[in-house]
Amino acid sequence: MKVITIKQPFASLIAEGLKRYEFRTWKTKYRGDILIHAGKSVDKKAMDKFKHLGLDYPTGCIIAKATISDCIYIDDVMKRKLNEENSLVYSGVVKDSNWIGYGFFLENVEKIKPIYVNGKLSLWDYPYENN
């Protein structure tokens, strides 16, 4: 199954259903199930911003399963929509006028028991069996 590695706290925000888009500077044609891997690195500034949520922020493990159903170019119109949807979660992309990239739209998010494994760049494969 395809996997995407995401820094914390963003991986946990996805696993909890609070973040529906994962942002990248590159687009993907892939549509389908994907595992969410919480990378070993963390965004310390963002961790402070979301600590009030009281979530767990494990690192170095797969923590959720989701479906990529679309890949959307993030233009000014989309930035406004994201700001309206959740200005706190999407503020990094919304407030950066120079940021250019894509949002992978994630649906059917489901937390899973952590699977500790090293992450990789881009989309990568992991032999996942749904237990």
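Where is Ser122 found? In this predicted model, Ser122 sits in the loop between E5 and E6.

**View A. Ser122 in the loop between E5 and E6.** Phi of Ser122 is near 60°. That is a positive value, and the residue is not glycine. Ser122 is partly exposed, because its relative accessible area of 41% falls between the 20% and 50% limits.

**View B. Asn108 within strand E5.** Strand E5 covers residues 102–116 and contains Asn108. Phi of Asn108 is near 55°, again a positive value in a residue other than glycine. Asn108 counts as exposed, because its relative accessibility of 59% is over 50%.

**View C. The six-stranded open sheet.** The strand order is E2-E5-E4-E3-E1-E6, and the pairing is mixed. E2 and E6 (123–125) stand at the edges. Each has a single partner strand, so one side of each is left without a neighbour in the sheet. On average, neighbouring strands of this sheet are turned by 45° against each other, direction ignored.

**View D. The pairing of E3 with E4.** Strand E3 spans residues 32–42, and strand E4 spans residues 61–73. The two run antiparallel and are joined by seven bridges. Gly32 stands opposite Ile68 in E4.

**View E. Helix H3 across the sheet strands E2 and E4.** Helix H3 takes in residues 76–86. The helix lies across both E2 and E4. H3 runs at about 140° to E2.

**View F. Glu22, a buried residue in strand E2.** Strand E2 comprises residues 21–24. Glu22 counts as buried because its relative accessible area, 7%, is under 20%. Which side chains make polar contacts with the side chain of Glu22? One is Lys19, at 2.7 Å. Another is Arg24, at 3.0 Å. Leaving aside residues up to four places away in sequence, Glu22 touches Ile4, Ile6, Ile14, Tyr102, Gly103, Phe104 and Leu106.

**View G. The cis peptide bond between Gln8 and Pro9.** Omega of this bond is about 15°. Pro9 lies in the loop between strand E1 and helix H1. Strand E1 covers residues 2–8, and helix H1 covers residues 10–15.

Definitions and conventions. Residues numbered from 1 in each chain as written. Predicted model: local features only at pLDDT ≥ 70, side-chain atom pairs only at ≥ 80, totals over all residues. Heavy atoms only, no water. Helix = DSSP H or I, 4+ residues; strand = E, 2+ residues; numbered from the N terminus. Buried < 20%, exposed > 50% of the residue type's maximum accessible area, 1.4 Å probe, protein only. Polar contact = N/O pair within 3.5 Å; in protein donor to acceptor, adjacent residues only side chain to side chain. Contact = heavy atoms within 4.5 Å. Pairing = 2+ DSSP bridges. Axes fitted to C-alpha atoms, helices over the stretch in contact; angles between N-to-C directions.
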